[in-house]
Amino acid sequence: MIGLAVTADYELFLGANYAGADEVLFEPTRQLLALAQQHHVPLTLFADVCSVWAHRRYGLDRFADKFEAQLKEAVQHGHDVQLHLHPHWESAVYRSGKWCVPEGSALHISEVLDSADLIVRGRISLESLLRPISPVYRCLAFRAAGLALQPGERTLIGHLVRAGLFVDSSIAKGYTLKTDTVMLDYTKSPPLANWWITEQTGLVPGAPPGLFEVPIATFELPLADRIRFLVRRALRVRQRRGAPLSRSVRRSPLSHGVALLAGNARYFGWRPKFLFSVDTKGFTAKMLLRGFHNYISAHDTECPVYTSMILHPKLLFSEQLELLTVIFECLRRTYREQLDFVTLAQIARKVRPAPPVIRGLN
């Protein structure tokens, strides 16, 4: 049995947003939810609640209200909402109609000294918002900012477990990324479909209590496909609604361009890993379906296999939504009853360790 969680990081761009929130976030999310509803696929939205707190702090309630209203609507229609935190919003300043992030601000939850409080605050925020919509709602799952559980993963895992979370979906097996804002290395991920990450063992397998890891599916492409991927990616360079945040606020347009070239050059490295996602411009349906098949085949002795697909509404245009439709239809046709589209909350409830039986009590 294959449990595929289709997930979307529900967030604005961390740096410049080239348009208003309606165009960057709310409208593409509305289209994504409608498409998922049409294909009977439940989504898990990883909501960056830090952005809501920042907007409320400056009286920008229209954004916060629409953000929360869309999450409520998603839950009303059977979708899931879980926790995603970009703590740079805690130090962001709204000035002259623009968000400014001070240089050196913490960009990942693992860099925040009071990360335990931030996690608890995020969980309470989501449960307070969504339990009136669905009494059974619980915040049970987490995705790290930029997928970076590192550095300080053991401390972070401990904070998440003590906050009552059970599932993580941040790790992309074999994936590595180094920029001026993100440094992660998952090349030493275990050859398992799923495992428990714990405060004692870090990202290698441990035993409950801990977080049940539902990794993002990854795959390789042969060199010829990588070249086609990069050509298609270059032709779609104008499909942009914003830009990532640089750790240095003084970064020049030239250095941004150099970083962009360096980021794409890594695809010519030794056996690079690609994320199972339609919002990375350049993929064809054939590339993605073959990549997913290879990922599942690598775990054909394990059952069940839980994995996730990662999307970002801010990166979805009509072309990517059309591709997603093809992916949904082909996956169902290929795997039939073997494949179940699930939410992270559903996985959490299935794998959550049973409470101990205390004998001698009535």
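The model is predicted: local features need pLDDT of at least 70, side-chain atom pairs count only at pLDDT 80 or more, and totals for chains, interfaces and linings use all residues. Residues are numbered from 1 along each chain as its sequence is written, and side-chain values use heavy atoms, leaving out hydrogens and water.

Me: Why is helix 1 called roughly parallel to helix 3?
Reply: Helices are DSSP runs of H or I, at least four residues, numbered from the N terminus. Helix 1 (residues 21-38) and helix 3 (residues 61-76) pack at about 10°, axes 11 Å apart. Axes are lines fitted to C-alpha atoms over the stretch in contact, and angles run from 0 to 180 degrees between N-to-C directions. Angles under 35 degrees count as roughly parallel. So helix 1 is roughly parallel to helix 3.

Me: Which residues make the contact of helix 1 with helix 3?
Reply: Contact means heavy atoms within 4.5 Å. In helix 1, A21, D22, L25, F26, T29, R30 and L33 meet R62, F63, K66, F67, Q70 and A74 in helix 3.

Me: What makes K66 and D22 a salt bridge?
Reply: The term needs a side-chain nitrogen of Lys or Arg within 4 Å of a carboxyl oxygen of Asp or Glu. The K66 and D22 side chains meet at 2.9 Å, N to O. K66 lies in helix 3 and D22 in helix 1, so the pair ties together parts 44 residues apart in sequence.

Me: How many salt bridges does this rule give?
Reply: The count comes to 18.

How values were computed. Helices (H or I, at least four residues) and strands (E, at least two) are DSSP runs, numbered from the N terminus. Angles under 35 degrees count as roughly parallel, over 145 as roughly antiparallel, 65 to 115 as roughly perpendicular and the rest as oblique.
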